[in-house]
Amino acid sequence: IGQCPSGTTATDVFADNFQGGVNGWTTDGTGTPNWTQQAAPAGSGLSTTVWGIPNNATRTDRGLVSPSFLVPATSQATYLIYNTWHNFEDDGPNGCYDNASLNIKVGAGAFNYVQGSSLYTDPYDGIAASNMLNAGLMVWCHRPAAAIQSIVDMDDYLGQNVQLRFRAESDANTIAATTPTGFYIDNLVVR
């Protein structure tokens with residue numbers, strides 16, 4: 001992220017390392033299994049307690065929803081930062097059957113897909129297949145070499161109350177070929 005401009009200080013707007021319980025996080029969507037707090041899966045590179053959902057062979061569209069928080073209007077730059085691991089059933093090197101994406105909701109509005117141009121260190125890596133609810137959108141599905149610190153630009157939301165939703169979608173088919181499978185997040189901060 002770099003250095004703060006002269007005369008400014010980095011301040012955490014919202015933070016949760018997921019060690020102290022649910023803390024206002026909720027889930028939405030359909031199908032099972034659902035997001036749960038759990039031990040980090042072996043082989044993910046994450047540690048301690050994480051929020052996670054496995055890749056599965058049943059039709060699901062599940063979201064992990066943050067509590068609402070205010071992104072200060074006076075911020076010089078605001079970023080969402082979290083550690084992640086994602087591994088879903090892919091459709092070759094450029095496609096994704098099962099997948100994950102990030103959504104943001106402003107106030108009482110609807111959740112909206114976060115465009116890839118806002119994802120600095122963990123870009124979407126495939127296109128959602130035509131049988132998925134988010135067909136044609138760029139999403140995550142390919143297995144990373146190691147856990148990733150994801151950095152997302154939040155400057156479009158200055159002065160607004162927002163909620164995050166980590167969305168995971170699976171079809172009623174196969175799962176990723178290598179373990180661990182699914183989507184896991186840890187150590188989240190908006191700064």
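A polar contact is taken here as a pair of N or O atoms within 3.5 Å; within protein, one atom must be able to donate a hydrogen and the other to accept it, and residues adjacent in sequence count only if both atoms are side-chain atoms. The model is predicted, so local features need pLDDT of at least 70 and side-chain atom pairs count only at pLDDT 80 or more, while totals for chains, interfaces and linings use all residues. Residues are numbered from 1 along each chain as its sequence is written, and side-chain values use heavy atoms, with hydrogens and water left out.

A polar atom of the T181 side chain lies 3.5 Å from the backbone nitrogen of N55. T181 sits in the loop between β14 (160–170) and β15 (182–190); strands are DSSP runs of E, at least two residues long, numbered from the N terminus. The relative accessible area of T181 is 10%, and the residue is therefore buried (under 20% relative accessible area, with exposed over 50% and partly exposed in between; 1.4 Å probe, protein chains only). Beyond its neighbours within four places in sequence, T181 is in contact (heavy atoms within 4.5 Å) with I53, P54, N55, N87 and A176.

S150, in turn, belongs to strand β13 (residues 148–153). S150 is buried as well, at a relative accessible area of 1%. Residues up to four places away in sequence aside, S150 touches L80, I81, Y82, T84, T121 and D122.

Turning to the strands, three of them form an open sheet in the order β8-β11-β12, with mixed pairing; two strands pair if DSSP finds at least two bridges between them. At its edges are β8 (95–96) and β12 (138–139), each pairing on one side only. Two bridges join β11 (residues 126–128) to β12 in the antiparallel sense, and G126 has V139 of β12 as its bridge partner.

The aromatic side chains complete the picture. The structure holds 10 aromatic pairs, where rings of Phe, Tyr and Trp (its six-membered ring) pair if their centres lie within 6.5 Å, and planes under 30 degrees apart count as stacked, over 60 as edge-to-face and the rest as tilted. One of the pairs, F18 with W25, is edge-to-face, at 5.5 Å centre to centre and 75° between the planes. F18 is buried at 1% relative accessibility, and W25 is buried at 3%. Elsewhere, ring pairs link W35, Y82, Y113, Y124, W140, F166 and F183 into a cluster; Y82 is also among the residues that S150 touches.

How values were computed
Helix = DSSP H or I, 4+ residues; strand = E, 2+ residues; numbered from the N terminus.
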